[in-house]
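Open your viewer and get ready to select a few residues.

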Amino acid sequence: MAEENNETYFVPRDEREIERLKNQHFFLVDLCNGILQPNVGPAGSFRNIADVGTGSGIWLEELAKTLEEAAPVERTFIGFDVSTLMFPRAPVEGFNFIQHDARKPFPVSEQEKYDLVHLRLLAAAFKEEDIKGVVENVVSILKPGGYLQWEDADVGARFGPETGSVKMKAVRAMKLELFNQNNIITNLPTAVMRELATHSDVEILDQAEYPTLGRPDMKTRINEMYCDVLTLVLQVARKAIPKYESLDVEGTMRELMDEFEEKDLVFVDNFMVITARKQRRV
């Protein structure tokens, strides 16, 4: 199948991005105190698991290890993504990766098939008008009794000013200008919660918050992670917005990180994990 053009996902899908996603995965697992939320499960009972927007499949790969420890039984792990470019070249037994755009209905063969469906950090993949359909499509592949775990952040939130960083305000302004220009949704968790609430067969379990503040044990990793993300954002802004075409991205980020080190600051963000369950039929 030919690659589809997902206009809002602006990060190059290459080996460097695969490595970044791997590092990001372990960072988020530590920030959220585990790969699965405590109200999802029992994990050992899951047999069919789907990861929507799977990228390189790192979440599936690591979840498989966790579930094997919980209960060593045969399972199927399916990764869906609009692009095949980061799929594993040789998936191991029990894993399959399928090209599919979550904005479109899943095939009949996938309907009500999965005990667990996972999504993570897809704000840059969807526009505001996409969310209703995406949530409907994701709910449709959940088995009755199946669980949904959706991890994301409010990218339009006051990202940084609370830290006391002067330079962060300018960087944040460029980020929001890029997102607004591309009609990228900036409040994805709120939109997902709103749409889930319209499904009478879905019980919303929780919207857990995991702020970066109050995690001194992760301070260095937090700053490194957000530095990488913002560097990517500014590189795209330089290409996409004419007034930033002469922007010195490396110099801007170097000055920002120097300020953070000098003032002993940390990036402020609030990562959110939505959990829900499709009700069993009576």
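This is a predicted model, in which local features need pLDDT of at least 70 and side-chain atom pairs count only at pLDDT 80 or more, while totals for chains, interfaces and linings use all residues. Residues are numbered from 1 along each chain as its sequence is written, and side-chain values use heavy atoms, leaving out hydrogens and water.

Start with the partners of helix H2: its buried residues pack against helix H1 (15-31) and strands E1 (48-52), E2 (76-81), E3 (95-99), E4 (114-120) and E5 (142-153). Contact means heavy atoms within 4.5 Å. Helices (H or I, at least four residues) and strands (E, at least two) are DSSP runs, numbered from the N terminus.

Now select H2 itself, residues 58-70. Which of its residues are buried (under 20% relative accessible area, 1.4 Å probe, protein chains only)? They are Ile58, Trp59, Leu60, Glu62, Leu63, Ala64 and Leu67.

Next, show the aromatic side chains. Rings of Phe, Tyr and Trp (its six-membered ring) pair if their centres lie within 6.5 Å; planes under 30 degrees apart count as stacked, over 60 as edge-to-face and the rest as tilted. The count comes to eight aromatic pairs.

Pick Phe27 and Tyr226: their ring centres are 6.4 Å apart and their planes at 85 degrees, so the pair is edge-to-face. Phe27 lies in H1 and Tyr226 in H6 (residues 219-240), so the pair ties together parts 199 residues apart in sequence. Phe27 is buried, at 2% relative accessible area, and Tyr226 is buried at 10%.

Technical notes: Expected span 1.5 Å × (residues − 1). Buried < 20%, exposed > 50% of the residue type's maximum accessible area, 1.4 Å probe, protein only.
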